Amino acid sequence: MKWRLLGDISLWGALSFLVIAESGARQDPYWFWLTCLAVLAAAVFSRRRWPLAALGVVAWTEIVVLAFALGTTEGVQIALVPAISLFSYLSGRRETQLKYFVLFCSWSLLGMLLLALTIRRGSQATEAVLTWLLILLLALLLVVLPWLVGRYRAQQVLLATAGWERAERIEREQQIEIDRERLRERSRIAQDMHDSVGHELSLIALRAAALELDPSLPEEHRRAAGELRESAAVATERLGEIVGVLRDQEAPTVPHDETVRALVDRAAASGLAVQLTEEVDEVLAPMVDRAVHRVVQEALTNASKHAPGASVTVTVSTHEDDVHVQVVDTGATRPVTAPSGGRGLDGLRERVRLAGGSLTAGPRPTGGFELTATMPRAGGRPGPPTAAVERATVRRSARRGLITAIAAPVLLGAIVGVVALGYYLVAGYSSILRPAQYDALVIGQSEAEVAKVLPRMQMIDAPGEAYQPPSGWACRYYRPAAPFSTNYVYRLCFAGGVLVGKAVVQSGSVPPTPEGNG
């Protein structure tokens, strides 16, 4: 706490030294620089809790000073400008919402313009507008740019202090997701065992049923085949019960790499009336290819168990970015003896879902059963971002912040510069008093008559001569030609409603030419 207080006092002392040095050189009154010191003290000691308020106190003090000092012979006090840039940077480091800073800048600039127009009336209003545009350009460099740099620095600090913690949290969440996926994979492996072994047992039962019905075999052999068929059905049920327990245990197995055509051919060789239509134009993703195989395998197993004697049609086709699997049977022609546990279709739905697709199954209106699955060719679901990816994203965001910190003021400055230059040129071309018109003016002529030949505006950048008109005189300045084309201007002075003085005034480092003297 003591070091923080000492740092605040040191910062206040450094900023106050600039004010005291400038005020002493200008011989400003004591109340002025004491007010500036108080403002700096309030801003320094409140900058941590209210950074934008600290910036506002100093900025508005300088705005009031500018409004009263511009256009006078005393000059402009600029000792508070470094403090404004510093507090703008600190505000960017601590302020979290951009909208408050934008509102502050907008209202401050608008208030400065209104205050200047209120104080500088009449002919000085035009000069006040141009001065305001120039101050707006300087504000981009002295206020907006430091704030953006501070905001970029805050993002860097956030990356350095909180980025690794965030990355570690993401790693933990990802590890939890991996563990969950491992459990789901165990369940899928167990389901694969159920599908694969159950399929083989179904084929054994199918062959045994064919032998049981073969009239060429002796009765003893046919009875043995019937017992074999019943044993295969019982083994299938026992397998389902074992798989239900195995889903919660380690069950590493090697995935089956059999093709769909080989699967269908083997089922046909076992006595199942099945036909395959395959229209796949390219190699599928491994996850999708495996899911297609399991869908067909489970569908054929169900057909052999629950639709004995039926004809089965298998269709595998690709359309644009999807792969479609359809398995249709014509319905049982013999009594169904194998019960249905319902686990096969549930496992298939989960497998197809993990591959990014959907599965529907149900009886057909015309009889039989239909199973349809649709999956994307790429398959799978995007995993959570890794810590490295997250850190790279934060770094890219910080780099974009730096680019914004540099590009935004440059772009806004260019726009304001173009507007200010355009305003200057419009005012310059609107304040031209031709030499012939100037020569025609006579001392003592009424102001109303002179006004008929005067341009709409007077110069907004009159030469800084040391001419002090007599009391009651009001002097105006006009150009003899377009801006940047001459080194002299005309000065007309009025008093009591008449023209009391006219002169050619030097506006550059070169004395007026003889032609300019009329």
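Me: In the protein chain, what share of the contacts with a separation of 6 or more comes from residues 24 or more positions apart?
Reply: This is a predicted model, in which local features need pLDDT of at least 70 and side-chain atom pairs count only at pLDDT 80 or more, while totals for chains, interfaces and linings use all residues. Residues are numbered from 1 along each chain as its sequence is written, and side-chain values use heavy atoms, with hydrogens and water left out. A contact means heavy atoms within 4.5 Å. Among contacts in the protein chain with a separation of 6 or more, the share from residues 24 or more positions apart is 69%.

Me: How many of the 518 residues, as a percentage, count as buried?
Reply: A residue is buried under 20% relative accessible area, exposed over 50%, and partly exposed in between (1.4 Å probe, protein chains only). For the 518 residues of the protein chain, the buried share is 39%.

Me: Is Leu114 buried, partly exposed or exposed?
Reply: Leu114 belongs to helix 5, which covers residues 98-119; helices (H or I, at least four residues) and strands (E, at least two) are DSSP runs, numbered from the N terminus. Because its relative accessibility is 48%, Leu114 counts as partly exposed.
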